[in-house]
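Q: Please take a close look at the charged contacts in this model. Which side chains meet in a salt bridge, and what surrounds those contacts in the rest of the chain?

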Amino acid sequence: MFEKLIDSFEKLCLQIIIEILLVPVTIFKLFQDPRRCYDLSVHEMEKDETERFQDHLSPIKLSVYTSVIISVLLMDYSGEHNIISKIKGLSMVEKALFIFLMNNVTAVIFSVALLWYKKEKVNTVTFRTLLFSFIYTTVYTSTPFFILIISAMFLGQTLNVESYLDHLGKVNEYGTRDYLFFMAFLVFVIIGLIGTFKLFKALHYILKNNFSYHPYVVWFFTVLFFAVQLYYARGFV
């Protein structure tokens with residue numbers, strides 16, 4: 001009995017390590033080509049359930065690692081306008097669940113809208129493919145914040161990015177760590193701009209493959225979906 005427990009714990013630890021290593025691999029693949037948000041989802045849904053997502057992280061798990069963890073780290077330090085700052089009296093698990101649902105609400109709305117257009121039911125492979133595709137697109141808005149938080153954590157010994165920025169504004173002489181943080185902040189801005197462009201391309205590719213109207217109509221809804229997702233991400237984090 002004890003040996004089985006140890007074996008199960010060993011498998012769990014190994015699985016967690018593998019998934020952590022797959023996070024940067026998956027993010028790199030999605031940043032390399034935004035069409036993969038849709039193509040990877042289609043390709044994986046064509047496989048048997050036991051064989052899916054072996055070479056990269058599934059969108060649900062990726063969302064947990066990138067969106068939920070980042071939001072949990074930020075929730076105690078965000079401004080009062082932030083949705084997370086208004087969640088009081090909940091346990092960490094309840095907050096994490098709420099954050100996960102809120103971070104992916106746009107993916108659900110977009111998927112249901114396209115599903116309604118295609119006249120298909122929710123319990124179909126099409127819905128899961130669309131949902132996975134839109135969840136993958138959230139990596140373009142979450143990755144820059146991930147870089148900023150990790151930089152502040154290692155260089156400023158704090159997860160409170162706002163507090164660290166306030167500290168930098170008060171010091172008279174900047175040290176090596178401060179300049180490294182400025183470089184990380186510049187990377188954050190650059191990747192944020194690249195991610196915005198990639199997000200638009202990813203949304204357009206998904207709509208183009210599922211929305212058989214005139215190209216101008218597809219472009220219109222791409223801009224609409226893009227604006228909604230960007231606005232929501234900006235207000236949330």
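A: The side chains of Glu44 and Lys47 meet in a salt bridge, with 3.4 Å from N to O; the term stands for a side-chain nitrogen of Lys or Arg within 4 Å of a carboxyl oxygen of Asp or Glu. The coordinates are those of a predicted model, in which local features need pLDDT of at least 70 and side-chain atom pairs count only at pLDDT 80 or more, while totals for chains, interfaces and linings use all residues. Residues are numbered from 1 along each chain as its sequence is written, and side-chain values use heavy atoms, with hydrogens and water left out.

The two partners of this contact fall into separate accessibility classes. Glu44 counts as buried because its relative accessibility is 2% (buried is under 20% relative accessible area, exposed over 50%, partly exposed in between, with a 1.4 Å probe and protein chains only). Lys47 has a relative accessible area of 24%, so this residue is partly exposed.

Across the whole structure the search finds 2 salt bridges. Asp33 and Arg35 also form one, and there the closest N and O atoms are 3.1 Å apart. Asp33 is classed as buried because its relative accessibility is 19%. Arg35 has a relative accessible area of 44% and is therefore partly exposed. For the protein as a whole, buried residues make up 41% of its 237 residues.

Cysteines are the next point to check. The search of the whole structure gives 0 disulfides, a disulfide being a pair of cysteine sulfur atoms within 2.5 Å. Cys37 has 0% relative accessibility and so counts as buried, whereas Cys13, with 27%, is partly exposed.

The fold around these residues comprises 10 helices and 0 strands, where helices (H or I, at least four residues) and strands (E, at least two) are DSSP runs numbered from the N terminus. Read from the N terminus, the order of elements is α-α-α-α-α-α-α-α-α-α.

The unreviewed UniProt entry places the feature "transmembrane region" at residues 12-31, 96-117, 129-159, 179-200 and 212-232; such annotations may be inferred rather than shown by experiment, feature names are shortened, and positions follow the numbering used here. Residues 12-31 are 100% helix and 0% strand in the model, with the end C-alpha atoms 29 Å apart. Residues 179-200 are likewise 100% helix and 0% strand, and their end C-alpha atoms lie 32 Å apart.

Leu186 belongs to helix H9, which covers residues 176-208. Leu186 counts as exposed because its relative accessibility is 51%. The C-alpha atom of Leu186 is 9.5 Å from that of Leu148, a residue 38 positions away along the chain.

The largest pocket has Gln15, Ile18, Glu19, Leu22, Arg52, Phe53, Gln54, Leu57, Ser58, Ile60, Lys61 and Phe132 as its lining. Helix H1 (2-32) and helix H3 (59-74) are the elements that give two or more residues to this lining, and H1 supplies the largest share, 4 residues. On a 1 Å grid over the protein atoms alone, a pocket is an open set of points where a 1.4 Å probe fits, with protein on both sides within 12 Å along at least five of seven lines, and lining residues have an atom within 4 Å of a point.
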